[in-house]
Amino acid sequence: LGPTNAFLLAAVSGAYIRFLDRHDEGLALARRAVRLNPASPYALDALAGALYLRGRYEEGYRLSRRVCALTANVPNAHFFEMSLCVASVLTGRSREALTLANSATALAPKFRAAWRYSVALNAHEGNFQRAMDAGQRLRSIEPDFSVDRLVNDVDYPVASIRKSNVRLASLREIVGN
């Protein structure tokens with residue numbers, strides 16, 4: 001382990017961005033990780049995430065698509081599909097995002113992030129029964145989940161949905177279910 005390990009740099013990049021709110025340094029570390037290993041899905045994913053936070057959604061989307069192509073047959077493909085789902089949400093590709101969220105839930109049935117996006121995206125697309133079913137499934141793995149919390153709690157982890165054109169208001173139709 002050390003500063004020449006692309007995976008480690010990608011992980012530290014994520015920590016700088018998510019936990020320390022040091023976006024410039026996180027972006028620099030992600031770029032360094034990609035320079036060290038341009039084929040590392042973790043490095044590419046870290047760079048895509050740093051780009052999203054810079055508002056460079058299309059660029060991050062293209063990187064996420066590349067990562068998904070590289071990782072299509074690995075055991076943790078759902079992680080990278082979820083990153084592409086986030087990029088799809090941020091770039092206004094809600095149907096693609098829904099397909100990716102559904103794929104991630106199929107690959108990893110206890111992956112809460114994918115279920116959260118499935119709830120919001122199904123409601124956005126008018127699939128209210130599917131949104132309710134996804135919410136029920138999410139509640140079984142995240143007992144304190146509620147649609148009201150997803151819609152109104154600014155700290156609930158669906159930041160990209162809040163930044164997108166996904167209509168969270170459509171979820172109010174299923175509140176209480």
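This is a predicted model: local features need pLDDT of at least 70, side-chain atom pairs count only at pLDDT 80 or more; totals for chains, interfaces and linings use all residues.
**Entry 1: the contact of α2 with α3**

On the α2 side I noted His 23, Leu 27, Ala 30, Arg 31, Ala 33 and Val 34. Their partners in α3 are Ala 43, Leu 44, Ala 46, Leu 47, Ala 50, Leu 51 and Leu 53. I sorted the residues of this contact into 11 nonpolar, one polar and one charged.

I then turned to the geometry of the pair. The axis of α2, which covers residues 23-36, comes within 8 Å of the axis of α3, and the two cross at roughly 150 degrees. Angles over 145 degrees count as roughly antiparallel, so α2 is roughly antiparallel to α3. I recorded the crossing of α2 and α3 as left-handed.

**Entry 2: the cavity**

I searched for cavities of 30 Å³ or more and found one. The space in the largest cavity is about 30 Å³. Its lining consists of Ser 13, Gly 14, Ile 17, Arg 18, Ala 46, Gly 49 and Ala 50. Two or more of these residues come from each of α1 and α3, and α1 gives the largest share, four residues. By class, I noted three nonpolar, three polar and one charged residue in the lining of the largest cavity.

**Entry 3: the largest pocket**

I read a volume of about 1,000 Å³ for the largest pocket. The pocket has 29 lining residues, and Arg 18, Gly 49, Tyr 52, Ser 83 and Val 86 lie nearest its centre. At least two lining residues are supplied by each of α1 (6-18), α3 (41-53), α5 (77-90), α7 (112-124) and α10 (159-163). The lining of the largest pocket divides into 19 nonpolar, five polar and five charged residues.

How values were computed:
Residues are numbered from 1 along each chain as its sequence is written. Side-chain values use heavy atoms; hydrogens and water are left out. On a 1 Å grid over the protein atoms alone, a cavity is a set of points where a 1.4 Å probe fits but cannot get out, and a pocket is an open set with protein on both sides within 12 Å along at least five of seven lines; lining residues have an atom within 4 Å of a point. Grid points are joined across faces, edges and corners, and a volume is the space filled by probe spheres set on the points. Ala, Val, Leu, Ile, Met, Phe, Trp, Tyr, Cys and Pro count as nonpolar, Asp, Glu, Lys and Arg as charged, and the others, Gly among them, as polar. Axes are lines fitted to C-alpha atoms, for helices over the stretch in contact, and angles run from 0 to 180 degrees between N-to-C directions. Angles under 35 degrees count as roughly parallel, over 145 as roughly antiparallel, 65 to 115 as roughly perpendicular and the rest as oblique. A crossing is left-handed if the near helix is turned anticlockwise from the far one by less than a right angle, and right-handed if clockwise. Contact means heavy atoms within 4.5 Å.
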